[in-house]
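The questions below look at a ligand and the protein around it. Each answer works step by step towards the value or name that was asked for.

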Amino acid sequence: MSDTSSCIFCKIIRGELPCTKVYESKELIAFMDINPMNKGHVLIVPRQHAETLFDLDNSIAEPVFRAMREIGRAIMIATGADGLNVIQNNGEAAWQQVPHVHWHLIPRFRGDGYKPWGQKKYDTLEEMQDLASCIQKQL
Ligand code: 5GP
Ligand code: ZN
């Protein structure tokens, strides 16, 4: 689904659905996540409807980066967090639920119960190097 008329975040941006806003600019809006991973979890959402990172214009990079730093710092102070995760999901396989690109700013607290994601191993060094050259060829 990549339709602005039914997109939940486009509806929030147009003011058709409510949100608890913390910041807005001409490029983006930031509001509280309705089901926070921890209290203080904020979403940064570009006004441009793009499904994933790969559909966005590069011009959004600077405003998003600035918002991540400024809002992230504000969340940490306001919540007394010990750390902050910035997470951005692309595609259902990567846990994207809302197909309008966004960044999660999640305050983290020592002992908040979340575990680091799992890690795998390459079978051989060559396997890792071959994959690296496949990626390089696509750049
Ligand atoms: P995703 O899995 O797509 O990266 O994250 C989507 C996020 O949007 C979830 O954390 C979810 O709680 C949040 N969300 C979904 N619907 C709404 C909504 O209507 N309002 C707000 N404020 N957040 C929402
Ligand atoms: Zn949208």
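For the classes used below, Ala, Val, Leu, Ile, Met, Phe, Trp, Tyr, Cys and Pro count as nonpolar, Asp, Glu, Lys and Arg as charged, and the others, Gly among them, as polar. The model is predicted.

Q: How do the residues of the shell around ligand 1 divide into nonpolar, polar and charged?
A: The shell consists of 16 residues, and the closest of these are Asp33, Trp95, Gln97, Val98 and His104. Sorted by class, the shell holds one charged residue, six polar residues and nine nonpolar residues.

Q: Which residue has an N or O atom in its side chain 2.4 Å from an oxygen atom of ligand 1?
A: Polar contacts are pairs of N or O atoms within 3.5 Å. A polar backbone atom of Val98 lies 2.8 Å from an oxygen atom of ligand 1, and a polar side-chain atom of His104 is likewise 2.8 Å from an oxygen atom of the ligand. The distance of 2.4 Å belongs to the side chain of Asp33.

Q: What percentage of the area that ligand 1 exposes when taken alone does the protein bury?
A: Ligand 1 makes a contact of 2.8 Å through an oxygen atom with a polar side-chain atom of His104. Taken alone, the ligand exposes 520 Å², and the share of this area that the protein buries is 86%.

Q: Which element gives the largest share of the shell around ligand 1?
A: Ligand 1 sits in the largest pocket. Two elements give two or more residues to the shell around the ligand, namely β2 (28–32) and α1 (8–14). The largest share, three residues, comes from α1.

Q: Which elements give two or more residues to the lining of the largest pocket?
A: The largest pocket has a volume of about 950 Å³, and of the 32 residues that line it, the closest to its centre are Asp33, His41, Leu43, Asn89 and His104. The elements that give two or more residues to this lining are α1, β2, β4 (83–87) and β5 (103–108).

Q: In what order do the elements of the chain run from the N terminus on?
A: The chain has five strands and three helices. Read from the N terminus, their order is α-β-β-β-α-β-β-α.

Methods:
Residues are numbered from 1 along each chain as its sequence is written. Chains are lettered from A and ligands numbered from 1 in the order in which they are written. This is a predicted model: local features need pLDDT of at least 70, side-chain atom pairs count only at pLDDT 80 or more; totals for chains, interfaces and linings use all residues. Side-chain values use heavy atoms; hydrogens and water are left out. A residue is near a molecule or strand if one of its heavy atoms lies within 4 Å of it. A polar contact is a pair of N or O atoms within 3.5 Å; within protein, one must be able to donate a hydrogen and the other to accept it, and residues adjacent in sequence count only if both atoms are side-chain atoms. Accessible areas come from the Shrake-Rupley method with a 1.4 Å probe; for residues, only the protein chains shown count as cover. On a 1 Å grid over the protein atoms alone, a cavity is a set of points where a 1.4 Å probe fits but cannot get out, and a pocket is an open set with protein on both sides within 12 Å along at least five of seven lines; lining residues have an atom within 4 Å of a point. A molecule sits in a cavity or pocket if more than half of its atoms lie within 2 Å of its grid points. Helices (H or I, at least four residues) and strands (E, at least two) are DSSP runs, numbered from the N terminus. Grid points are joined across faces, edges and corners, and a volume is the space filled by probe spheres set on the points.
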